[in-house]
Amino acid sequence: MKRQKMYFRMVVASLIRRRSRMLVALLAIAIGATILSGLVTIYYDVPRQMGAQFRGYGANMILLPQEENSMDMAAMEAALTHIPAESVSGAAPYRYETIRVNEQPIIIAGTDLQGAVAASPYWMITGELPSASGQALIGKEVASLLGLSVGASFTASYTPAQAETSENGVTQYQTMPFEVTGVLDTGGSEEQYIFLSSQDVEALTGEEGTLDVVQLSVNGSQQELEAYADAINGAVPQLAARLVKRVTQSETTVLTKLQSLVFLVTAVVLVLTMVCVATTMMAVVTERRKEIGLRKALGASNQSIIMEFMGEGLVLGALGGLLGSVLGFGFAQLVSTRVFNSSIRFQGLLVPITILVSVAVTALACLLPVRSATDIEPALVLKGE
Amino acid sequence: MSLLQLNQVSKIYGDLRALDKVSLSVEKGEWVAIMGPSGSGKSTMMNIIGAMDKPSEGEVLLDGRDISKENAKTLTNIRRDKIGLIFQQFHLVNYLTAVENVMVAQYYHSIPDEKEALNALERVGLRDRAKHLPSQLSGGEQQRVCIARALINYPEVILADEPTGNLDEANEGIVLDIFRQLHREGSTLIVVTHDPEVAEVAQRTIVLEHGRIAREVVNENFVP
């Protein structure tokens, strides 16, 4: 039999036949690894989770025309190619015009209504979004001003900039009937607008027109958003991409503080875990001082004894780390579900990292008491002390 | 040349002389018993002969080599290569089977050989208990495993400390029979005991008192 085979036989025998002792040690390592792995998972997933929460506050990037009438749908599409599609939560192109309803001047916003809602999830709509031509979503203030509610109808009058005036001095204007499908409540300036589909605005005005602004809701850190904006500004001359600072900076500030907090907690837990594992392993090693003395009496070198105990420690560390990786993901999932109301992404790389950290902590925890135990005199064992 | 020779060996702890200028020779193949009351210096002599301690004064020649000044690492190698230890309290590794306990000594000495370890167990009548853990063995059986472990590397000296101290009469008889067999095969045995019956079966008995050799008795009725 080779010496290595006997080495593994002794290590395995110690782990299996002393299973109650080893289970205590394994449990200590696994609990430490679980908390560590869980917190690191949360640490890395917080930006994504919080980013999703922040998207609820509306657009964090806007596209504006560089010159008047320079931004059209093609320019917007070109700009969007510089942002990964999966990062765009919502994109809403807006064209603003002024119309009259019952002789009251009102601003209409022609947009992709589904995209607008996606970019501004905080919109509260009573009724439904327009789904067909001739339907309108009206702001709460407009509804109050015009006395309109869901299901009511109104006629929109549009006067082109170069409107013709008849011989009797009456200006020619275009009209179109609309039905109110929903009333918009945002607490902001949107309540002063009537929202129509882009196609209906074109039909009412008779002009294809250009976009006044595009609101984008993009997932990503401030650095990523700045990189997207720079890329767009460099590649699409018709428009300028700008970040909505109050959203992106708030997001960055909150994220930085939250990550710092999780990092601090993780560091403290790591230290406590090391202390806990070290204490457990020290107890395990200390109760085997007699065995260490016996092995020395039989002619074992200190190095050989350290190797044997380290072998056990490494196996325990690896098993505890593996167990901790799985349980840690469950722990992180539980926290994420409770706090952020969404599931967490599995970080595959964390499994080997957790195992390596567990092995390193366990090895360190074993090394100190074993080195100390190898100093004992074998004669004490012989005397039965 | 004697296999083991102690020349004017003393061991001093502060004001206490646990061993006081002790000189002793043990020939190859000899069976020597060391007797004495508690505190007489038996354990100290045992530790020095077993390369587990160093004398304060004097020299210890094992197979012609002075081991009294060697460092801890060299003493470990000497224990591994030249000495087989048998303990009163057996000291088996409790999570290893009988055969694995024997193989541990092989592991530190050279290359573990399960077949050879099983043969050693057979010599002490425990071949059929090879796969049992120490907790599944009686005291006598555990001591026989301890003996098999001491024999496995063919040591120059088998050093036994109160080998029958924890055994009943029947098991004491079995262990002494094994010692007789080992002696017939040429092994050198040094047995520390306080039991006159165990000392009587040896060729020669050294009696220690207050760290000195009080007397030496040659067993006229020794049966090889």
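Good morning. I begin with the largest pocket, which has a volume of about 560 Å³. Please keep in mind that what we are viewing is a predicted model. The pocket is lined by 22 residues, and the closest to its centre are A:Pro47, A:Arg48, A:Gly220, A:Ser221 and A:Glu224. Three helices of chain A each give two or more residues to this lining: H2 (19-54), H7 (222-235) and H8 (245-286). Sorted by class, the lining of the largest pocket holds eleven polar, six charged and five nonpolar residues.

The largest cavity holds about 120 Å³ of space. Of its 14 lining residues, B:Ile83, B:Gly84, B:Arg149, B:Ala150 and B:Asn153 are the closest to the centre. In chain B, helix H2 (72-82), strand S6 (83-86) and helix H5 (139-151) each contribute two or more residues to that lining. H2 of chain B provides the largest share, with four residues. By class, the lining of the largest cavity comprises seven nonpolar, five charged and two polar residues.

The second largest cavity has a volume of about 70 Å³. Its lining includes A:Ile29, A:Leu36, A:Leu270, A:Val277 and A:Val361. Which elements of chain A each supply at least two residues here? They are H2, H8 and helix H11 (350-373). This lining has seven nonpolar and four polar residues, and no charged ones.

My last topic is the interface. Here 30 residues of chain B are in contact with 32 residues of chain A. The size of an interface is often given as the accessible area lost when the parts come together. For chain B and chain A, the buried area is about 2,800 Å², with 61% of it on carbon and sulfur atoms. On the side of chain B, the residues that lose the most area to chain A are B:Tyr95, B:Tyr107 and B:Tyr108, which together account for 30% of what that side buries.

There are also three salt bridges across this interface. In the salt bridge between A:Arg17 and B:Glu100, the closest N and O atoms are 2.7 Å apart. Helices H1 (42-49), H2 and H3 (98-109) of chain B each give two or more residues to the side that touches chain A. The largest share of that side, six residues, comes from H3 of chain B. By class, the side of chain B that touches chain A has 16 nonpolar, seven polar and seven charged residues. Thank you for your attention.

How values were computed:
Residues numbered from 1 in each chain as written. Chains lettered and ligands numbered in written order. Predicted model: local features only at pLDDT ≥ 70, side-chain atom pairs only at ≥ 80, totals over all residues. Heavy atoms only, no water. 1 Å grid on protein atoms, 1.4 Å probe; cavity = no way out; pocket = protein on both sides within 12 Å on 5 of 7 lines; lining within 4 Å. Points joined across faces, edges and corners; volume = space filled by probe spheres on them. Nonpolar A, V, L, I, M, F, W, Y, C, P; charged D, E, K, R; others polar. Contact = heavy atoms within 4.5 Å. Buried area = accessible area lost by both parts, 1.4 Å probe. Salt bridge = Lys/Arg side-chain N within 4 Å of Asp/Glu carboxyl O.
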